[in-house]
Amino acid sequence: MTTTTETPPDEHGGSRRTWLREHSELGVCVMLLALGVLVLTDALTMDVEITQRGPIGPKTVPIAVGIGLLVVAVLLAIDVLRGGRGEAEGGEDIDLSEPADWRTVLLLAGVFLGAAVLIEPLGFPIAGALLFWGAAYALGSRHLDRDPLIAAGLSLITYVVFNNLLGVPLPGGPLMGVL
């Protein structure tokens, strides 16, 4: 007697769900493809003055990154459709049978969105400190006495390095005159 592991499709598309589950990495391909199209569209529509043009102008790196994202998306999709699957690292201690921790994911998403909204009115030092502190809290740190201090220090160091040393202007907000 032979048995097959193939299950016939049920009325709710059971075999389709199985196929999608086995090829879930295609979601990463779609994300990379969308990101590549977004980067290329933004780079190609960038308004650059004629005096800024040269052999390597401000469009060069974004175009190269966009093309790279598209190539990686296509190559990964081909690999997945040919049966390739991502292998878990040997050191991973994740129990794949456990459900996702949506609370942490939503907290992190909220912290990032909050920092993006607050960076203009409050400036990077304050928004960055809230970002670092919120991310630490979302990931499980409950040291309410030291985490805000570490977050403020990291944010100030990041601001000084980018704004003063690297010449990448970041919004200073109300602290602009102080820093």
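Helix 3 (residues 60-81) has 22 residues, and at 1.5 Å a residue it should span 32 Å; its end C-alpha atoms are 32 Å apart, which agrees. The expected span of a helix is 1.5 Å times one less than its number of residues. Helices here are DSSP runs (H or I, at least four residues), strands are runs of E of at least two, and both are numbered from the N terminus. This is a predicted model, in which local features need pLDDT of at least 70, side-chain atom pairs count only at pLDDT 80 or more, and totals for chains, interfaces and linings use all residues. Residues are numbered from 1 along each chain as its sequence is written, and side-chain values use heavy atoms, with hydrogens and water left out.

Which residues of helix 3 are buried? They are Gly66, Leu69, Ala73, Ala77 and Val80. These residues cover an arc of only 70° around the axis, which puts them on the same side of helix 3. The arc is that of the directions from the helix axis to the C-beta atoms. Buried means under 20% relative accessible area, exposed over 50%, and partly exposed in between, with a 1.4 Å probe and protein chains only. On the face of helix 3 turned away from its buried side sit the exposed residues Val61 and Leu75.

What covers the buried residues of helix 3? The cover includes helix 2 (26-44). The axes of helix 2 and helix 3 come within 8 Å and cross at roughly 160°. That makes helix 2 roughly antiparallel to helix 3. Axes are lines fitted to C-alpha atoms, for helices over the stretch in contact, and angles run from 0 to 180 degrees between N-to-C directions. Angles under 35 degrees count as roughly parallel, over 145 as roughly antiparallel, 65 to 115 as roughly perpendicular, and the rest as oblique. The crossing of helix 2 and helix 3 is left-handed. A crossing is left-handed if the near helix is turned anticlockwise from the far one by less than a right angle, and right-handed if clockwise. Residues making the contact include Leu32, Gly36, Val39 and Ala43 of helix 2, and Gly66, Leu69, Ala73 and Val80 of helix 3. Contact means heavy atoms within 4.5 Å.

Helix 2 also holds Met31. At 51% relative accessibility, Met31 counts as exposed. The C-alpha atoms of Met31 and Leu69 are separated by 9.6 Å, and the two residues are 38 residues apart along the chain. In the loop between helix 2 and helix 3 lies Val48, and this residue is buried, with a relative accessible area of 10%. Val48 and Pro58 are 10 residues apart in sequence and 7.7 Å apart in space, C-alpha to C-alpha.

The axes of helix 4 and helix 5 come within 8 Å and cross at roughly 175°. That makes helix 4 roughly antiparallel to helix 5. Among the residues in this contact are Thr104, Leu107 and Val111 of helix 4, and Leu131, Gly134 and Ala138 of helix 5. Thr104 lies in helix 4 (residues 102-122), and at 17% relative accessibility it counts as buried. Not counting residues up to four places away in sequence, Thr104 touches Ala138 and Leu139.

Helix 5 and helix 6 pack at an angle of about 135°, with their axes 8 Å apart. That makes helix 5 oblique to helix 6. Helix 5 passes helix 6 in a right-handed crossing. Residues that meet here include Phe132 and Trp133 in helix 5, and Leu156 and Tyr159 in helix 6.

Seen as a whole, the protein has six helices and zero strands. Of its 179 residues, 21% count as buried. Residues 24 or more positions apart account for 58% of the contacts with a separation of 6 or more.
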